[in-house]
Amino acid sequence: MYLSDHAVIRVRLVPAGQQKARMTVSLAATRWCSSRRAYLGYKRLAKKIKPPDIEISRILKAQPRGLEKKARPGVTCIMNTNPVATYLASTPPDKIDTGFLAYLCNLTQVAKTSPEIAFSIVRELENQRKRIKLIASENYCSMAVQLAMGNLLTDKYAEGVPGHRFYAGNENVDAIETLAAKEACELFGAEYANVQPHCGADANLLAYWAILSTRIEKPALEKYGTSNLYSLTDAQWAELKADMGNRRLLGLDYYSGGHLTHGYRYNLSGRMFDIYGYSVSKETGVLDYDEIEKQAMEVKPFILLAGYSAYPRSINFKRMREIADKVGAVFMVDMAHFAGLVAGKVFTGDFDPVKWAHVATTTTHKTLRGPRAGLVLSTSEFAEALDRGCPLAMGGPLPHVIAAKAIAFKEAASPDFRAYAQGVVENSKALAAACIKNGLDVLTGGTDNHLMLINVNGLGLTGRQAESALHECRITLNRNSLPADPNGPWYTSGLRLGTAAATTLGMGRAEMEEIASIMALVLKGTVAAPGKTPSSKSKAKYLVDPGVKAQAIERVGKVQERFPVYPELDLPVLKEAFVDTCNR
Ligand SMILES: Cc1ncc(COP(=O)(O)O)c(C=O)c1O
């Protein structure tokens, strides 16, 4: 039992005459356990082995009271031997995989403080290995990207910009940030890059702030003859704030695939701006530029915003810029989803957002395949305001993540990445075509990018039921609202699928066809469970035919076997070291 008087204890075990192979390399096998019972168990074990062979080193840490309530009964995490030493001893030098070795060292170190966290990291790998991931906003980044984040750079405060910091000792962070910004500019052909945003939402907030600051605050200060906000009179300050607040923003509405940060009423952006939304055409499901232009002429937005989370077609950014210019708006693009397709030169010319936008924002972790973070690109007009973004609009930068961004930008500049980006779209088109062939209702009849939307209403399901049924059958994707969705943003009527992650694993057309066929099998083999009244149907509960489920899991397994997630990571070894001994 997991007892209330927890102590995480470290037990150094040197079993005489046992585990000879390990002993020769590790000299001592280090064991961890996390309960008083385990502690007592080890004491009993100690008695059975000659005293000099056992060393109960010390009680490392008392766990806080209350943890036992969260932990499942029987939690006892024991790191089984020293996995790094075992790996090194059993692997010829030329076969050592530095990525795997780094993981082993990392998890060993983590487990010394928290075996539970090491346990969950390995379990996450195991979960991801079992499933095909079609979440359009996720990917698998490289080992180099991941490992650049696990180091002392996280200790550093670096408010300000390179060469102009609010803290001393930033020479190395300056070098990292300068490199990352230079690479971002080169990769996207931008005049300016700010690599500090922590995520896509941050990038958008920073962009909004910089646009307001540049186009409203700066001229106002010039008018008042000062550059110091504190020298304004109360009346001037009130006037400036009123002028900056509630400006008009026209962006793609949420139900047409826009993001929450594009002015959804419940989001901060919806309160910062006077929001107007353009929608996809009811007939075609795609953007109608003439209609957008008409609306822009009426609204006269301060910012015209393009970009999406769930729109399966390419956007003509040149046309959008023309509309923005016609109404005197700043043209902003949120390319969070498709930045990898821009970097990989799938979207070029009229379809390249950076070429046409005043300000472009993105995440770096979706199709761009970098760390979980954000980025703002702009023309030089907005550089000064963006440079003041931290600390005025954002918290301190994360130097370890900026280092990982630099690596991701370098990777994205390679010919391999271009081939990857092309592959993402080819797979996406193949998957959409195969879904249609299998009788699924793919919105707009296909896709131009990495994602597509499927309406599951016709199958008698909500998006939530379809998402859960597929996850149960080992295909992971997310439900999504559709234009004019009768089921609202929680249950939804749609599924959003993307091919960025599957393409990283090396999957191609044949796998896309198999995945579409499995999805159709599952969706057609799932029904809504009965609702609360005899004639109603649940919107959340569902029943998957057991035979369908078994068949789907088997077929997913066959695909996954050939395309393992992070193939360099030896899952059985990681499980043996960090999971199997955790009795959960
Ligand atoms: C278009 C768009 N912008 C911004 C974001 C926010 O990104 P993050 O979750 O990194 O804040 C997302 C996230 O999905 C997105 O799709």
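Which helix gives the largest share of the shell around the ligand? I looked, and helix H9 (residues 200–224) does, with three residues. Helices here are DSSP runs of H or I with at least four residues, strands are runs of E with at least two, and both are numbered from the N terminus.

Housekeeping: this is a predicted model, where local features need pLDDT of at least 70, side-chain atom pairs count only at pLDDT 80 or more, and totals for chains, interfaces and linings use all residues. Residues are numbered from 1 along each chain as its sequence is written.

**Ligand.** I listed 15 residues around the ligand, and Cys 199, Gly 200, Ala 201, Ser 309 and Ala 336 come nearest. "Around" takes a C-beta atom, placed from the backbone, within 6 Å of the molecule.

**Strand E18.** I checked residues 494–498 next, and five of five are buried, meaning 20 or more other C-beta atoms within 10 Å of the residue's own, with C-beta atoms placed from the backbone. Gly 494, Arg 496 and Gly 498 point one way, Leu 495 and Leu 497 the other. E15 (residues 451–455) runs antiparallel to E18, joined by five bridges; pairing needs at least two by DSSP. There, Leu 451 stands opposite Gly 498. E17 (residues 478–480) is also antiparallel to E18, with three bridges, and Asn 480 partners Gly 494.

**H4 and H5.** I looked up the axes of H4 (residues 83–90) and H5 (residues 98–113): they come within 9 Å and cross at roughly 155°. The axes are lines fitted to C-alpha atoms over the stretch in contact, with angles from 0 to 180 degrees between N-to-C directions. The two helices are therefore roughly antiparallel, a label for angles over 145 degrees.

Definitions and conventions. A residue is buried if 20 or more other C-beta atoms lie within 10 Å of its own, exposed if 12 or fewer, and partly exposed in between; C-beta atoms are placed from the backbone. Angles under 35 degrees count as roughly parallel, over 145 as roughly antiparallel, 65 to 115 as roughly perpendicular and the rest as oblique.
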